[in-house]
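Hello,

Here is the structure I promised to pass on, with my notes below it. Please have it open while you read.

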Amino acid sequence: MSAEALKGHLDLLLLAAVQAGPAHGYAIIQRLRRQSGGTFDLPEGTVYPALHRLERAGLLSSAWVMENGRRRRVYAVTQKGATALVAHRRVWETFARGVNAVLKGAVCPTPT
Amino acid sequence: MSDADVIARYLDDLARGLRVGPRHKTRILAEVEDHLHDAVRAEQERGASPEEAMHTAIARFGAPGVVARQFMADLATSGVRGAARALFAALVALGISVEITSPVAREIFGPESRFTAPPGPWPGDVPPWQLQVTNGIATLAFGVAIVAILFALVQTHLWRRGIRIVYPEVQLHISQRGMEGAALGAAVLATGALLVAIPVDALWTFQRAAEVPGSPTPGVLAFFAALRVLIFIAAVPFVVRAVRWAGAAAQHPEAV
């Protein structure tokens with residue numbers, strides 16, 4: 001999927017990928033690629049600015065961690081990030097359900 | 001050229017495009033270097049030669065100029081937000097310092113207070129024209145600053161609502177760039193307005209003190225004038241940083 005198509009959804013995807021467990025940037029990208037079956041094959045350099053942005057917003061935290069003798073910057077979802085992810089996931093599911101219904105010519109049930 | 005040399009050259013190119021503090025830059029470069037080493041190793045494990053692995057890792061990461069501008073584009077947004085907040089804080093502090101030295105505050109602190117201005121002795125409370133001119137300019141400049149700062153704050157507040165995660169992408173892209181530019185313009189305008197308002201207001205307080213018996217001494221007036229200048233100076237670096245970051249990001253081709 002192109003970077004253009006991902007625009008606006010990258011933050012949500014990154015939050016979800018990091019929520020699976022603390023990880024450094026390269027591992028997060030691999031996780032996104034693996035979980036999406038290769039659909040989200042991002043330009044890798046665009047991920048780090050997004051991770052830094054999410055950290056500035058308080059949705060992720062990060063720390064240097066020694067891993068196999070190497071110093072790595074490891075990211076984790078904060079409480080605020082977890083709450084934001086739940087809210088955004090709900091919005092996304094409603095949005096996706098509506099789009100799918102329209103594309104299939106069906107009628108989407110009105111949200112209660 | 002060895003892997004280390006190629007990565008070092010890439011990092012040098014990236015560093016040139018990053019207009020951030022040394023600590024921040026070191027962190028970014030360390031993360032990118034780490035990433036490239038991981039990527040090269042993974043490619044080699046898949047059977048690529050060292051040269052192919054390096055070429056693929058760098059190609060997948062993106063051109064250093066594009067990556068640097070992506071960092072700067074994100075920083076520009078938070079820079080404008082920081083500038084708007086700093087200016088708002090400065091405005092509140094200036095407002096308090098102006099109010100506690102006004103004739104109105106004298107009614108609270110009493111006529112013996114050394115820093116409040118006494119009411120003017122003029123008939124109908126209409127001061128001489130020189131005072132009206134300086135007071136008018138200071139009031140107008142403060143008014144422009146207040147409106148511009150509030151505008152910038154509202155713009156930056158809209159970003160904080162997290163709309164970028166769920167908004168339709170093209171609309172968001174245009175809307176965010178527009179909001180960012182408008183807020184930055186407002187912050188710069190507010191800075192200019194305060195640059196006029198603070199010295200003219202200080203001039204007015206000295207002019208007024210010369211006309212009104214029982215006014216604070218020049219030393220007290222100078223203290224408050226200096227305090228207001230310091231409040232302003234504290235906010236200026238935030239605006240300068242926002243402009244610098246926005247300038248570095250201005251040629252950013254695309255933002256994800």
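Let me begin with Ser62(A), which sits in strand 2 (residues 60–67) of chain A. Helices (H or I, at least four residues) and strands (E, at least two) are DSSP runs, numbered from the N terminus. Before going further, a word on the source: this is a predicted model, where local features need pLDDT of at least 70 and side-chain atom pairs count only at pLDDT 80 or more, while totals for chains, interfaces and linings use all residues. Residues are numbered from 1 along each chain as its sequence is written, chains are lettered from A and ligands numbered from 1 in the order in which they are written, and side-chain values use heavy atoms, with hydrogens and water left out.

**Ser62(A) and its partners**

Ser62(A) counts as buried because its relative accessibility is 16%; buried means under 20% relative accessible area, exposed over 50%, and partly exposed in between (1.4 Å probe, protein chains only). Its side chain makes a polar contact with the side chain of Glu55(A) at 2.9 Å, and another with the side chain of Arg27(B) at 3.4 Å. A polar contact here is a pair of N or O atoms within 3.5 Å; within protein, one must be able to donate a hydrogen and the other to accept it, and residues adjacent in sequence count only if both atoms are side-chain atoms. Setting aside neighbours within four places in sequence, Ser62(A) is in contact (heavy atoms within 4.5 Å) with Glu55(A), Arg73(A), Val74(A), Tyr75(A) and Arg27(B).

**Asp38(B) and chain A**

Asp38(B) belongs to helix 2 of chain B and is buried, at 9% relative accessibility. Which side chain of chain A does the side chain of Asp38(B) make a polar contact with? The partner is Arg72(A), at 2.2 Å. Not counting residues up to four places away in sequence, Asp38(B) touches His24(A), Tyr26(A), Arg70(A) and Arg72(A).

**Chain B**

Chain B has nine helices and zero strands. Of its 256 residues, 45% count as buried. Among its contacts between residues at least 6 apart in sequence, 75% join residues at least 24 apart.

Leu18(B) lies in the loop between helix 1 (3–17) and helix 2 (22–45) of chain B, and is buried with a relative accessible area of 2%. Leu18(B) and Val67(B) are 49 residues apart in sequence, and 9.2 Å apart in space, C-alpha to C-alpha. Beyond neighbours within four places in sequence, the contacts of Leu18(B) are Lys25(B), Ile28(B), Leu29(B), Ala68(B), Phe71(B) and Met72(B).

**Helices of chain A**

Helix 4 (residues 47–56) of chain A is largely enclosed by the rest of the structure, because eight of its 10 residues are buried. Among the buried ones are Tyr48(A), Pro49(A) and His52(A). Just after helix 4 of chain A, Gly58(A) takes a positive phi of about 80°.

The contact of helix 2 (residues 10–19) of chain A with helix 5 (residues 79–104) of chain A may also interest you. In helix 2 of chain A, Leu12(A), Leu15(A), Ala16(A) and Gln19(A) meet Gly81(A), Ala82(A), Leu85(A), His88(A), Arg89(A) and Trp92(A) in helix 5 of chain A. These residues divide into six nonpolar, three polar and one charged (Ala, Val, Leu, Ile, Met, Phe, Trp, Tyr, Cys and Pro count as nonpolar, Asp, Glu, Lys and Arg as charged, and the others, Gly among them, as polar).

Best wishes

Methods
Axes fitted to C-alpha atoms, helices over the stretch in contact; angles between N-to-C directions.
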